[in-house]
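Morning, everyone. Please look at the sequence and the structure on the screen, and I'll walk you through a few places in it.

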Amino acid sequence: MGRGGEDYGKREDVNAASSKVDIFPAWARDVKQCEENFQTNQELGLSSTEVEKRREIYGWNELEKHEGTSIFQLILEQFNDTLVRILLLAAIISFILAWYDGDEGGEMEITAFVEPIVIFLILIVNAIVGIWQESNAEKALEALKEIQSEQANVVRDGKKITNLPAKELVPGDIVELRVGDKVPADMRVLNLVSSTVRVEQGSLTGESEAVSKTVKAVPENSDIQGKKCMVFAGTTVVNGNCICLVTHIGMTTEIGKVHSQIHEASLSEEDTPLKKKLNEFGEVLTMIIGVICALVWLINVKYFLSWEYVDGRLTNFKFSFEKCTYYFEIAVALAVAAIPEGLPAVITTCLALGTRKMAQKNALVRKLPSVETLGCTTVICSDKTGTLTTNQMAVSKLIAIGSRPGTLRAFDVEGTTYDPFDGKIRGWSVGEMDVNLQMIAKISAVCNDAGVEQSGNHYVATGMPTEAALKVLVEKMGLPEDGLSLGHDDHQRCCQLWNKMEKRIATLEFDRDRKSMGVIVNSSGGRKALLVKGAVENLLDRSSFMQLRDGSIIELDQYSKDLILESLREMSTDALRCLGFAYKEELFEFATYNGDEDHPAHQLLLNPSNYSSIESKLIFVGLVGLRDPPRKEVRQAIEDCKEAGIRVMVITGDNKNTAEAICREIGVFGPSEDISSRSLTGKDFMDHPDQKNHLRQSGGLLFSRAEPRHKQEIVRLLKEDGEVVAMTGDGVNDAPALKLADIGVAMGIAGTEVAKEASDMVLADDNFNTIVAAVGEGRSIYNNMKAFIRYMISSNIGEVASIFMTAALGIPEGMIPVQLLWVNLVTDGPPATALGFNPPDKDIMKKPPRRSDDSLISAWILFRYLVIGLYVGLATVGVFIIWYTHHSFLGIDLSGDGHSLVTYSQLANWDACHSWEGFSVSPFMAGSQVFKFDSDPCEYFQSGKIKASTLSLSVLVAIEMFNSLNALSEDGSLLTMPPWVNPWLLIAMSISFGLHFLILYVPFLARVFGIVPLSTNEWLLVIAVAFPVIVIDELLKFIGRCTSGLRYPAVSRPTKQKAE
């Protein structure tokens, strides 16, 4: 069997094995059943022989490397564009014609080859840019591999193997996880070595807190967040250690599924709205070019093909190959004239300038077309944790005991980050802490394993986020009798002083049963004390006393207990996570304990089942409410979105109550709005009978407990319904949806590399507000792009009209393809780019988003540019005829060069010149050159047309410069929007005229382009013929303003529904 067959068979085995692994729900079975299913036990692990057998079946524990698109395929894809194909065909034909004309030699040979070479260069540059963008697409998959663990501690053959390469793991392996370890595969927890194990899996699930793991089975239909007895590849152990059983490896893990989803999403990437419009335009252009070329040939067929009717039959056929190729060249010139060759370069330049503007606003664009797509965003699907919120736990409420029984004191705590200087406690007098508040500060600082560190300009937590938030609270509380405010160099000063005063000698670790953590301390007074923090209900159950404001201890009666529980309920309703504080000073067993392992009391600490009895008869002192707070700027940004007609949907892995409270606070929902139909879990949405109608509801929507596949499905359905979707996220779980969305927006600070690589845009400040600013910038850029696209297309219509009129009238060819190419690429380029600097409209974010199917060019705009184009054709052909037939025009003397006049009839029948008797012409001057026609007067219509051709080209350039002023505003007059509102445009016009003078007055370039210098009077004629284009367009704009009510009746924006 060949190699391919071997691979196929192996793949089949792996798929079968993978399905077998998937069938067994390890999370819903007890430990014994799991060991039996995987034929292993936690003491001995697998044997080496069994490992090899399983590797044959399951393969290596690594993510697949999908075959990227071959370079040859990428090159072919760059030519899968209508405009590019027309250009390519035009280049090939002009190259063949140049080769055919090469026998004649001389200067025209150089001119003929410049055109195909320039077109080929444009196509090569375009292809290189396209290939570079495509090759960056798969980087998200590479970044995903980096978050996999590299080593694992495994039990095999009854021996412990440390630092085994993680890729060698197989299902059934027994792995030991310790604090700080990265989980190497999806595994079932078999045994907790420490009393608790907590895993930070927010990057995979979107949860804002580390999850406590258990060995107990959970229901089979549990979502990923509910599988408390499973640990997932790529997540991190933040507390404790445990023994686990490998259940899934490689592509069958949850992170493997994300990998597959990213790959699938990358395969289904669509063109941006603008690209679709340009493709449609290209197809229409192909049809128009085809029709015009056919018309040109039909009009001129008599010149290269003739026949006679004899006895009712066609005979005496005459065919002129020379004339045929001449009109073929005209067809090529038409193709060159009709295609705005400079458009790709100008679009790229404008988008690149847009990315610079956005970077100044903290939005880093990774893919240029995203800038334009942002402008028509209709829905923003935002992750909650880290985007709408800070992803930094913060205390927002502090409840202390009052001066007498049955009274409580409440303090609101400001601040949304780990920065101790961010906000203060309202109603707080620094340095006047009573005994009760001192005890709360002491427990928060000492019964705490976390830390807060400064990283650059912001602060980060080390350890559990909730504990870090308590340390920040301690700093905001200050110290007793300390009127000094903290300096920025000592952000942990208060915590350090409390820890100095209360020396910690033992820790009673947190566990799920008693839901508390305690520390035994040696206080500065020489006595031992137990400081405890934990779930409020549990602490109240184990508390017998309470501490009043002045430090006096009284019995905890039922009324006080109910009052505390009522405060707890209120805070829980606001989605706050509550922690209570208590202490105990009568520790008889530990009176002489100092941490010595030989002390009798040490034995009590070795058994976690004793912790509840040690933490009994406590003195309750207060409680706090913590949360992952919303960012300050988000509420206004959501209002801006509503005003701009953009719907905001929140999709989060967090629980429903927390998410709903945050959504109400930031304005996605009203404070008392009924949201039963707007807030669903991911699972509920997947079971919803009419998902599309649910998504079509106006206003905000919330999806909580969402898994990666739920996010993808929501984005897919929205896109199917015609919405342009921007998806934000920071975790691995967001990557597939980021890839699938029209605009994937990743977080720069909190975002994983996977999310960043899958995105189109990265927020340097992780701020939702930045997205809204970027949408405004995108809209402005699109409006400006529309302006220069219309400008360039109107110029091309003029060129086509010019060539068509030349062919229809039968006069000599006014402009050759290389001249048209120069105008399209170089002369039009600077003004088109400068139109990208038009100032944005003041009400740009008060209008609804444009529909992605809105046309670039409406019927009225097309009519306007057809009128302008017709004038361009008349002007360029007219000036050509004027030079041959008039010695003066509009009072401008044109006889200074000494050229001979001919009649219009002679000009239109120039090909019959050799049959005219006595026809002669006198020499004429052009710059320093003298053109003589003694040997062949008929050359006056070939090489002698060089002056008339130069006038035509100069009129075309001048008209297009004036036309760029018309493009400043779609309907606004130049009187209300004068040229100096965009000074860049005036500079660009100067550059374009300068480049035109360059090819006119540098002899070598003049020879290449087949032109000659013009006199002052000839320039006056050019301006006189070109200027009316402004008057004509001003008249058309005035008609447009008067009829806008008829063309755009006020209708509400229809709900987009896909025809079923």
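First, a definition: helices (H or I, at least four residues) and strands (E, at least two) are DSSP runs, numbered from the N terminus. This is a predicted model, where local features need pLDDT of at least 70, side-chain atom pairs count only at pLDDT 80 or more, and totals for chains, interfaces and linings use all residues. Residues are numbered from 1 along each chain as its sequence is written, and side-chain values use heavy atoms, with hydrogens and water left out.

Start at helix H10, residues 273-304. Val291 lies in it. Is Val291 buried or exposed, or partly exposed? Buried means under 20% relative accessible area, exposed means over 50%, and partly exposed is in between (1.4 Å probe, protein chains only). Val291 has 47%, so it is partly exposed.

Next, the cysteines. A disulfide is a covalent bond between the sulfur atoms of two cysteines. Here the rule is a pair of cysteine sulfur atoms within 2.5 Å. How many disulfides does that give? The count is 1. Cys913 is joined to Cys938, S to S 1.9 Å. The link of Cys913 and Cys938 is left-handed, with -90° about the S-S bond. Cys913 sits in the loop between helix H33 (904-908) and strand E33 (924-926), and Cys938 in the loop between strand E34 (929-931) and helix H34 (946-966), so the pair ties together parts 25 residues apart in sequence. Cys913 is buried at 2%. Cys938 is buried too, at 11%. Cys495, by contrast, is in no disulfide; the nearest cysteine sulfur, that of Cys494, is 6.9 Å away. Cys495 is buried, at 2%.

Last stop: strand E26, residues 679-681, where Thr681 lies. Thr681 counts as buried, at 16%. What does Thr681 touch, not counting residues up to four places away in sequence? Lys656, Ser704 and Arg705. Contact means heavy atoms within 4.5 Å.
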